[in-house]
Amino acid sequence: MPEKILDVRDLRKKYGGLEVLRGVSLSVYRGEVVGLVGPNGAGKTTLLKISLGIVRRDGGEVLLNGVDPWVEPSSREKVGVIFERPNLPSSMSVREFLESAARLKGASESDVEWAIEAVGLAGHEWKEFNKLSAGLKQRAAIAHALIGSPEFIIADEPTSNLDPMERREVLTLIARLNKELGVAVLVSSHILPELLRVAKRVYALSKGRIVAEGEPQEIFQAKRLARIRTTEPERLASRLAELGLEASVEGLSVLVRSISSPSIVYEALTKAADEGIPVLGVDLVEPALEEVIS
Ligand code: ADP
């Protein structure tokens with residue numbers, strides 16, 4: 001197993017009386033893409049800022065590159081950061097902005113060239129930010145994060161202000177940077193399906209707690225729901241429960257939750273139908289985010 005680039009244990013944070021993080025543990029290994037999903041207000045930004053050592057924690061431990069980032073700011077040196085709404089100077093060109101970042105980080109002119117190429121901004125580099133689309137601005141923010149050859153990128157909702165096509169492009173770019181440069185990524189989103197495409201592992205955060213962790217597809221499927229139409233819902237629900245499924249009656253339907261594989265449901269339904277219980281139709285319902293993280 002490669003070493004952990006970020007290791008967060010039992011993290012706690014309060015704002016006034018509000019417990020924003022209530023014992024969160026999470027880790028990112030070198031070279032992997034990890035997703036952090038949760039609705040607005042779940043605590044994602046707070047968790048990422050504490051992981052970077054720019055917000056103070058109230059309890060728990062954080063190791064970034066093996067050291068506490070609150071005590072040792074140099075732990076951030078090889079970490080690129082992308083925020084939800086990049087704060088880009090509107091009358092500066094992409095090129096000027098990246099050059100000034102390179103000077104601050106002690107990076108070279110060729111790093112700027114490389115970052116512009118890497119994010120596909122060649123041809124736009126002399127444009128001022130106020131002339132760029134949201135998608136191109138986000139690319140510039142990613143280029144900014146790449147200056148200084150980071151080993152780890154922390155991206156806080158990098159797609160949230162983008163249209164569907166721009167979202168796809170930004171995620172594809174993040175996946176490509178991981179693949180080609182081996183850079184580890186921790187990326188947050190309030191949309192789980194979006195993370196299915198880039199992250200090998202996902203943590204779901206709800207009200208300051210990790211409520212699920214694993215491969216995104218597994219988390220998603222485990223919360224899938226089947227709605228079965230029948231004229232005898234009580235009888236069908238109790239038979240499905242006997243067959244080991246989590247079934248409940250809703251009007252003239254039976255809802256089956258936590259489906260690890262659709263074939264298990266179909267086998268149980270075939271059995272029930274063979275025994276004379278009417279099965280009129282089955283719909284698989286993809287989970288809403290509330291389902292996934294509750
Ligand atoms: P998310 O990124 O998942 O939307 P945040 O970490 O931004 O969640 O916020 C979690 C909760 O903490 C919210 O209720 C938010 O209002 C509160 N919060 C965040 N930052 C502050 C702050 N500086 N002062 C007070 N409350 C805050």
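Let me start at the ligand: helix H1 (residues 44-51) gives three residues to the shell around it, the largest share. A helix here is a DSSP run of H or I, at least four residues long, a strand is a run of E of at least two, and both are numbered from the N terminus. Before going on, note that this is a predicted model, in which local features need pLDDT of at least 70 and side-chain atom pairs count only at pLDDT 80 or more, while totals for chains, interfaces and linings use all residues. Residues are numbered from 1 along each chain as its sequence is written.

Which residues surround the ligand? They are Tyr15, Val20, Gly38, Asn40, Gly41, Ala42, Gly43, Lys44, Thr45 and Thr46.

Next, the strands. Strand E3 (residues 33-37) pairs with strand E8 (residues 201-206) in the parallel sense, over four bridges; pairing requires that DSSP finds at least two. In this pair, Val37 stands opposite Ala204 of E8. E8 is also joined to strand E9 (residues 209-214), antiparallel, by five bridges. There Ser206 faces Arg209 in E9. The hairpin of E8 and E9 has two residues between the strands, and Lys207 takes a positive phi near 45°.

Now the cores. The largest nonpolar core holds 62 residues, and Ala143 and Val185 have the most contacts inside it. By nonpolar core I mean a set of buried Ala, Val, Leu, Ile, Met, Phe, Trp, Tyr and Cys residues joined through C-beta atoms within 7 Å. Buried means 20 or more other C-beta atoms within 10 Å of the residue's own, exposed means 12 or fewer, and partly exposed is in between, with C-beta atoms placed from the backbone. Helix H4 (residues 134-146) gives the most to this core, six residues.

Last, the domains. The protein chain is divided into domain 1 (4-220) and domain 2 (225-293), with bounds from an automatic or database domain assignment. Their C-alpha centres lie 40 Å apart.

Conventions. A residue is near a molecule or strand if its C-beta atom, placed from the backbone, lies within 6 Å of it.
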